[in-house]
Amino acid sequence: MAITSANQLELLQTAEAVAREKMIDPGLVIEAMEESLARAAKSRYGAEMDIRVSIDRKTGRATFTRVRTVVEDDAVENYQAELTVAQAKQYLDAPTVGDEIIDEVPPVELGRIAAQSAKQVILQKVREAERDRQFEEFKDRAGTIINGIVKREEYGNIIVDIGRGEAVLRRNEKIGRESYRPNDRIRCYIKDVRREARGPQVFLSRTDPQFMAELFKMEVPEIYDGIIEIKAVARDPGSRAKIGVISYDGSIDPVGACVGMRGSRVQAVVNELQGEKIDIIPWNEDQATFLVNALQPAEVAKVVIDEEAGKIEVVVPDEQLSLAIGRRGQNVRLASQLTGLDIDILTEEEESQRRQAEFAERTKLFVDALDLDEFFAQLLVSEGFTSLEEVAYIELDELLSIEGVDESTAEELQARARDVIEEQNRKALENARALGIEDSLVNFEGLTPQMIEALANDGVKTIEDFATCADWELAGGWTTVNGERVKDDGILEKFDMSLEEAQTLVMTARIQLGWVDPTELEAEAEEGEETEEGAEA
């Protein structure tokens, strides 16, 4: 095939046809043709030469040129495509490094192999352009719902035709009971769009909680208009779901709007989700109130929140326990997902037994340590005292406010408590020194003797050992493993040390050792504050 006037226009027509068919820019197809012709010309004139081809966008005429670049005298590596300044003087008046000498060369005839190679280049370029177009089209549609047609099933994954491309509905993203046949219509949530080596991949989901949120947005105009907002969604796909909603218009009931007349709106969502039962719950900024709502239909007697641990205890009447937990723990699990808290459910009887056990334990502590009679120890516990430190170092007036306690009794009580604490501290330090604790850690400000003993028992014996600890190793924390929160016990957790306190102590140790520059920390803190202020603005 020679590039002659007979087939010059044919090039343009072919480019237009391919671009129309693949819905891409005709210019990209022509660029692919230029590259393929240049590759064929190199096989004719020599691979070392820099041959370039330019196709006129109006006439279709292909111009073949050889380009040589002027380089430094000692930088010539390819004599076919580069030349020195001295050599360039016979072509240019005042050549400089970087100048290009362009000569037109005769067009080549494409043999059978060259033509096949050119075709491959064009097809590859067209495929790349197609992938780019598909990625650009769908990258901004992640987080929305799309309708498609089932094409086929591969290893349990459903390949879906979404118009200008294909998408994948993985096996674990299907609702349990669902099965599809080719040409079935399907509605899915676009979970992710990624550019991969084999082209853009559009990943679909029908189990994602946001799929339900988007379905409600389609069915409830108030959500679409922003009058009602979906604050949280939790799903057990195909079985049950909970959705927290809030209304920004006092005259509109968020739950009623989502349910619709005779349940028409929620029923449309239920039908799409294969009969998944949906509890619509009013959102509340108060965690305890929202949790009480989230555990519906069970009734809640009391809620106790531990914000630091991210846990919450719910006390329910004995007869409500099974309802609150739900079948296979479903109700409490969904409520936990909805609130983002770990929930422990106790019956009123269990809570009463636990409180009695705590009362007895604290009473025994005061009886044994302070040599008190049981009645007086119970009186202290009833007034809210939980530890010897509270008795020893509280304001004297606090003890005097207890009925039957005069000044001499209060002073004697505090003196006994301090003596016991001093003796405990002496023994703790003695044990720590026996384990090999160093003075550098004993004298470190912020650690009590009992803390030092606990560190020594765990092998932390020097200030260097302490400085290498992470805050969660000291204060404890929570990690998520396979979707479940798991407790990490801290060395000093029993002393009620918070993560912030642990972090401060560890950082102080690192500064003392010279591992960290305090001025750098101050600069980072100031930078963080400025960032927060900018975000608020």
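Analyst: Arg 68 sits in strand β2, residues 62–70 (helices, H or I with at least four residues, and strands, E with at least two, are DSSP runs numbered from the N terminus). This is a predicted model, where local features need pLDDT of at least 70, side-chain atom pairs count only at pLDDT 80 or more, and totals for chains, interfaces and linings use all residues. Residues are numbered from 1 along each chain as its sequence is written, and side-chain values use heavy atoms, leaving out hydrogens and water.

Arg 68 counts as buried because its relative accessibility is 11% (buried is under 20% relative accessible area, exposed over 50%, partly exposed in between, with a 1.4 Å probe and protein chains only). Leaving aside residues up to four places away in sequence, Arg 68 touches several residues, among them Tyr 91, Asp 99, Glu 100 and Asp 103 (contact means heavy atoms within 4.5 Å).

Now for the pairs: side chains of opposite charge can pair when their charged atoms come close. The structure holds 16 salt bridges (a side-chain nitrogen of Lys or Arg within 4 Å of a carboxyl oxygen of Asp or Glu). One of them joins Glu 276 and Arg 235, at 2.9 Å from N to O. Glu 276 is in the loop between α8 (264–272) and β12 (277–282), while Arg 235 is in strand β10, 41 residues apart. Glu 276 is buried at 0%, and Arg 235 is buried at 7%.

Arg 333 also forms a salt bridge, with Asp 236, their closest N and O atoms being 2.8 Å apart. Arg 333 lies in helix α11 and Asp 236 in strand β10, so this pair ties together parts 97 residues apart in sequence.
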